[in-house]
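Please find below my comments on the coordinates you asked me to look at. They are set out as numbered points.

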Amino acid sequence: MSEVKLSAQLRDTFGKGSARQARRDALVPGVIYGHGQTPKHVNVEGHGLQLALRTPNVLISLDIAGDGTELVIPKAVQKHPLKRSISHVDFLIVKKGEKVTVEVPVVTEGDLAAGGNLLETLLATVSVEAEATHIPTEITVSIEGLEAGATVHASDLVLPAGTTLAVDAETPVLQVVAPQAEEPAAEAAEGDEA
């Protein structure tokens, strides 16, 4: 996974007024914490952050004006309920070689067996432990030819090298269910006579 480089600046004013001003200036307020360090309050370039957050668990190199560089991953992202713009981000400091636990999206490929079966997603993401600089962006699962009643468990997922499950191996992730039976034709005919 490559790093995304973003610029940031320390902020010393707090509250709704300063947060609104930062957003008017195309910046996003945030806080950086972790590794026993005192939390740093920053304003991050908004457009670059919006693009970076399209990738789950993105690794960000924050160049903080006058305070050096921090390697971080987004831990919590708050969005405006209507505009869906980013209103605040919490960043977790990570170090190269360090293991972190993150949620990774599960993506399916292939087609189910014929017969109108339905795929039910039980977990859209799965919790894994990976090196901070090698976090997978997604975990792909083949559902090719699966029949009704089939279940894909966490242990069935093919994980990249250096990545381990952080959930119970028997946790169901996906299952294939048969379509619901339709009303019998006889009942429908009785309804027409009435």
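1. Basis of the comments. This is a predicted model, in which local features need pLDDT of at least 70 and side-chain atom pairs count only at pLDDT 80 or more, while totals for chains, interfaces and linings use all residues. Residues are numbered from 1 along each chain as its sequence is written, and side-chain values use heavy atoms, with hydrogens and water left out.

2. Overall dimensions. The protein has a radius of gyration of 23 Å, whereas a compact globule of 194 residues would have one near 16 Å (taken over C-alpha atoms, the globule rule being 2.2 Å times the number of residues to the power 0.38). Along the principal axes, the C-alpha atoms fill a box of roughly 80 × 45 × 25 Å. Of the 194 residues, 34% count as buried (under 20% relative accessible area, with exposed over 50% and partly exposed in between, for a 1.4 Å probe and protein chains only).

3. The secondary structure comes to 3 helices and 13 strands (DSSP runs numbered from the N terminus, helices being H or I of at least four residues and strands E of at least two). A closed barrel of 6 strands runs 1-3-2-6-5-4, with mixed pairing (two strands pair if DSSP finds at least two bridges between them). Neighbouring strands of this sheet are turned by 45 degrees against each other on average, direction ignored (axes are lines fitted to C-alpha atoms, for helices over the stretch in contact, and angles run from 0 to 180 degrees between N-to-C directions). Strand 1 (residues 4-10) and strand 4 (residues 60-65) run parallel and are joined by 6 bridges, with Gln9 opposite Ala65.

4. The cores. The largest nonpolar core has 20 residues, of which Ile73, Val94, Val100, Val102 and Leu157 touch the most other members (a core is a set of buried Ala, Val, Leu, Ile, Met, Phe, Trp, Tyr and Cys residues joined through side-chain atoms within 4.5 Å). Strand 7 gives the most to this core, with 4 residues. Apart from it lies another core, of 17 residues, among them Ala52, Leu62, Phe91 and Ile93.

5. Asn57. This residue is placed in the loop between helix 2 (46-52) and strand 4, and Asn57 is buried, with a relative accessible area of 14%. Its side chain reaches the backbone oxygen of Glu103 at 2.7 Å. Asn57 is also among the residues in contact with Ile73 (heavy atoms within 4.5 Å).

Notes:
Polar contact = N/O pair within 3.5 Å; in protein donor to acceptor, adjacent residues only side chain to side chain. Lists of a residue's contacts leave out its neighbours within four places in sequence.
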